[in-house]
Each structure stands twice: as C-alpha cells, then as structure tokens.
Amino acid sequence: SLNTIIFGGLSTNREVNMEVYSGGVLALESDIEAIDSYDFGIESFLSPSQYLNFGLGLRYEPELKEKDSDGIANIIPIYLITKFLLPISSTYLTIQANAGYSLVIPLDSAKDRGFTNIVGGLYYGIGVGYELGALVLGANYSVSTLTANFLGIADFEASSPKLNLTLGYKFGQ
C-alpha cells in the first residue's frame, strides 16, 4: 500500500561546520551557530509489510545563517527512506533512516559574500516518530552538505547538522 506524510516544524540546534582549502591544503576551519528556523516537506512510502516502509522524501530547509548575517543558499534535500514501524496498541513508534542529495538554491547574498559555483552534496539523517492514526510526530537529526568556490581562490566545504521537530498528517494506509 501507499501512504504520504506532509509535515512541518521547527529546525533547531543548527550549525554550519566550514572548511576552506587553498591549493588542496586546509587553510581555515570554523563552526558557526545558525539561528533556529523551520522546515517542511513531504514523504511517500510503499509498505511491503506492516513493519517496514520504503520511501522517497523532499524537505525544504531555509538558509542557514548567523543572527546578523545573510546565508548563502536554501537547501532542498531529496532522499530515500527506510522506516521501521513498531506497533504499540493501535499506534506506531517509528525509526527512520534517510540518505540522499542536498539540492541547493543559491541566494543573491552568496555572490556578495564571495561564494560562487555552489553545489549540493550528501544528505543523511536518522529519526524517530510516533504515529497516532493520521497524526505523525517526528524528531529527525540530519546533515546537509555543500561545496563552493570562495573569493575565486579557495574551495569551501560546509556541513550543516540540525535537529528537526515536526508535526505531520498522513494520507493513505
């Protein structure tokens, strides 16, 4: 059977881990705390059994930025999902693993800050959830990555771990 979950919520505990390479040598390494934001998305699943689902997801993660600065890109992870369902009476506890690609949409502020050729990278995450009928509560720890050219002279790599707390609605069974 097929089911789809539409969700949205808080994206918290966000940070950006940055590395800048010049001539292939690590020149700068830095971590910044990003402001809390929101995310939303959709996941669709095939259910080969009552306890196992396979699916495809799409999530929108707005720019990661410090309080008084602009970000460089919005991120849209597209990912494959494996979800295990553990029945508890008429509800389910779920455990989910995601892996895919972080599609990036560069912002106008990226060029002003010296970033060009921004390209997405690996996306991965793990989460737990609780399904009570059509209502779905979730907590997901995920990491999005991207690369860029910085000031025309260096390579920039960034990974962004975050915790997403979501509320969703499930269609289908």
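User: What is the volume of the largest pocket?
Analyst: This is a predicted model, where local features need pLDDT of at least 70, side-chain atom pairs count only at pLDDT 80 or more, and totals for chains, interfaces and linings use all residues. Residues are numbered from 1 along each chain as its sequence is written, and side-chain values use heavy atoms, leaving out hydrogens and water. On a 1 Å grid over the protein atoms alone, a pocket is an open set of points where a 1.4 Å probe fits, with protein on both sides within 12 Å along at least five of seven lines. Points are joined across faces, edges and corners, and the space filled by probe spheres set on them comes, for the largest pocket, to about 380 Å³.

User: Which residues lie nearest the centre of the largest pocket?
Analyst: Lining residues have an atom within 4 Å of a point. The largest pocket has 27 of them, and those nearest its centre are V16, M18, I32, F115 and F156.

User: Which elements give two or more residues to that lining?
Analyst: Strands here are DSSP runs of E, at least two residues long, and helices are runs of H or I, at least four, numbered from the N terminus. For the largest pocket, the elements are β2 (15-22), β3 (25-33), β6, β9 (135-150) and β10 (154-172).

User: How many nonpolar residues does the lining of the largest pocket have?
Analyst: Ala, Val, Leu, Ile, Met, Phe, Trp, Tyr, Cys and Pro count as nonpolar; Asp, Glu, Lys and Arg as charged; the others, Gly among them, as polar. The lining has six charged and seven polar residues, and its nonpolar count is 14.

User: Is N53 buried or exposed?
Analyst: N53 sits in strand β5 (residues 52-60). Buried means under 20% relative accessible area, exposed over 50%, and partly exposed in between (1.4 Å probe, protein chains only). The value for N53 is 3%, so N53 is buried.

User: Which side chain makes a polar contact with that of N53?
Analyst: A polar contact pairs N or O atoms within 3.5 Å; within protein, one must be able to donate a hydrogen and the other to accept it, and residues adjacent in sequence count only if both atoms are side-chain atoms. At 3.2 Å, the partner of N53 is S47.

User: Where does S89 lie, and is S89 buried or exposed?
Analyst: S89 is not a glycine, yet its phi is positive, about 60°. Its place is the loop between β6 (73-88) and β7 (91-106). With a relative accessible area of 78%, S89 is exposed.
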